[in-house]
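Please consider the following model with attention to its charged side-chain contacts, its nonpolar surface and its helix packing. The account below moves through these topics in turn.

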Amino acid sequence: AVPLPQDTPTTRLTTPPGDNRPLGWRDTWPWAAAGLGFIVLLWLLAPILTPFVLGAALAYLGDPVVDRLQRWRLSRTAGVCVVFLVISLFSLIAVLLIIPMLYTQVTALLSRIPEWLVWIQNTALPYVGITLPEGVGLDGAGLKSIVTEHWSQASDMASTVWAQVSSNGTRLLTTLVNLLMVPVVSFYLLRDWDDLVAWVRNMIPRKALPTVGPLATETHEMLGSFIRGQLYVMLALGTFYTVGLWAVGLDLALVIGMTAGLISFVPYLGTIVGVVAALLAMFMQTGELLPLVWVALVFGIGQLMEGAVLTPNLVGDKIGLHPVTVIFALMAGGQLFGFIGVLIALPMAAVLAVLFRHGKQHWLNSRVYQG
């Protein structure tokens with residue numbers, strides 16, 4: 001945290017001589033209009049804000065590490081370079097380890113597709129009372145006949161898809177450029193983070209500073225703990241699910257386990273998706289019921305571990321958000337601002353939780369409440 005700059009001849013804000021009248025609407029409406037205009041501008045620029053939001057989030061998470069490196073006598077720029085170097089090395093190691101495993105699992109998945117098609121045709125479809133047309137099967141020959149019969153429609157569909165891809169080439173290029181901009185934006189924001197925080201504090205009206213300062217400090221502590229705790233929980237759950245599913249013999253343990261862990265920030269969504277996918281994959285792989293019990297046991301232990309160990313210790317009950325609040329925040333953010341809204345939904349919900357807590361205290365102390 002950056003210490004609040006003391007009033008100096010260069011930072012002290014004073015009123016013009018002789019202007020001691022109280023503030024009124026005539027003084028404040030231009031600034032209120034400017035704030036409203038800024039919000040509208042952000043809404044209009046939402047499609048291009050993704051790299052800046054991601055860069056700011058990474059800079060916010062990396063600032064405590066860089067501050068610690070500065071206390072070890074490193075310059076700010078050197079500390080940022082060290083952080084980026086470490087992140088790059090870990091990312092490279094993860095890619096080199098994970099990509100071969102993903103390739104092996106995807107290859108195994110593709111090799112089992114014919115077996116799954118036969119099982120669907122001979123077991124699943126008859127069980128639910130569905131029969132295929134005469135002479136049509138889900139084996140290689142049957143699929144070939146279906147493709148041959150509907151080749152013209154498939155060709156038309158392929159042409160339509162290609163036309164859409166071609167027309168959206170600019171959008172695809174923009175997305176790639178935005179992804180490449182994330183580390184650049186993050187580097188410069190992280191390098192100048194303390195200066196940006198000091199500038200924002202200098203812009204706060206002096207009269208509001210005794211209220212805004214403690215509120216901002218509490219919000220910062222809650223937001224940082226919440227985001228870092230959620231990331232730790234996601235990583236821990238993804239690792240546990242992957243190791244657990246691998247231990248019970250599931251071939252697609254890495255894909256399903258990490259997916260379930262990464263989407264676990266939405267309450268119960270990661271567990272539901274992981275359980276359904278793992279049960280289907282295990283049944284297709286073995287055709288037996290007993291392995292399904294072990295899969296369910298893995299996710300059951302994961303849920304108990306998340307509720308009793310991970311969330312209380314890594315996130316904390318004090319800053320945790322109610323599951324309904326999390327779901328509503330994600331849906332509201334996506335509805336209002338699209339993908340960028342989903343990214344900032346949980347941080348904004350954590351900030352609003354602090355404001356709500358302070359507003360509740362003011363309400364309980366108000367003369368209206370106390371009669």
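**Salt bridges and their surroundings**

Glu-218 and Arg-357 are joined through their side chains by a salt bridge, with an N to O distance of 2.8 Å. The model is a predicted one. Glu-218 has a relative accessible area of 24% and is therefore partly exposed, because the partly exposed class lies between the buried limit of under 20% and the exposed limit of over 50%. Arg-357, with a relative accessible area of 34%, is likewise partly exposed.

How many salt bridges does the rule count? The count comes to five. One of them is formed by the side chains of Asp-63 and Arg-76, at 2.7 Å from N to O. Here too the pair links distant parts of the chain: Asp-63 is in helix H2 (residues 50–71), whereas Arg-76 is in helix H3 (residues 76–111), 13 residues apart. Both Asp-63 and Arg-76 are buried.

Arg-76 also meets the side chain of Asp-194 in a salt bridge, at 3.4 Å from N to O. This second pair connects helix H3, which holds Arg-76, with helix H8 (residues 193–203), which holds Asp-194, and the two residues are 118 residues apart. Are the two partners buried or partly exposed? Arg-76 has a relative accessible area of 11%, so it counts as buried. Asp-194, at 22% relative accessibility, counts as partly exposed. The two values fall on either side of the cut-off, because buried means under 20% relative accessible area.

The loop between H2 and H3 contains Arg-73. The phi angle of Arg-73 is near 80 degrees, which is a positive value in a residue other than glycine. Arg-73 has a relative accessible area of 80% and is therefore exposed.

**A nonpolar surface patch**

A patch of about 1200 Å² is built from residues including Leu-36, Phe-38, Trp-43, Ile-48, Leu-336 and Phe-337. Which elements give two or more residues to the nonpolar patch? They are helix H1 (25–44) and helix H13 (323–337). H1 gives the most, with eight residues. Leu-336 is found in helix H13, and at 55% relative accessibility Leu-336 counts as exposed, because exposed means over 50% relative accessible area.

The last topic is a pair of packed helices. Two packed helices are described by the angle between their axes and the distance between the axes.

Note on methods: Residues are numbered from 1 along each chain as its sequence is written. This is a predicted model: local features need pLDDT of at least 70, side-chain atom pairs count only at pLDDT 80 or more; totals for chains, interfaces and linings use all residues. Side-chain values use heavy atoms; hydrogens and water are left out. A salt bridge is a side-chain nitrogen of Lys or Arg within 4 Å of a carboxyl oxygen of Asp or Glu. Helices (H or I, at least four residues) and strands (E, at least two) are DSSP runs, numbered from the N terminus. Buried means under 20% relative accessible area, exposed over 50%, partly exposed in between (1.4 Å probe, protein chains only). Patches are made of residues with over 30% relative accessible area and no salt bridge: like charges are joined within 9 Å, nonpolar side chains (Val, Leu, Ile, Met, Phe, Trp, Tyr) within 5 Å. Accessible areas come from the Shrake-Rupley method with a 1.4 Å probe; for residues, only the protein chains shown count as cover.
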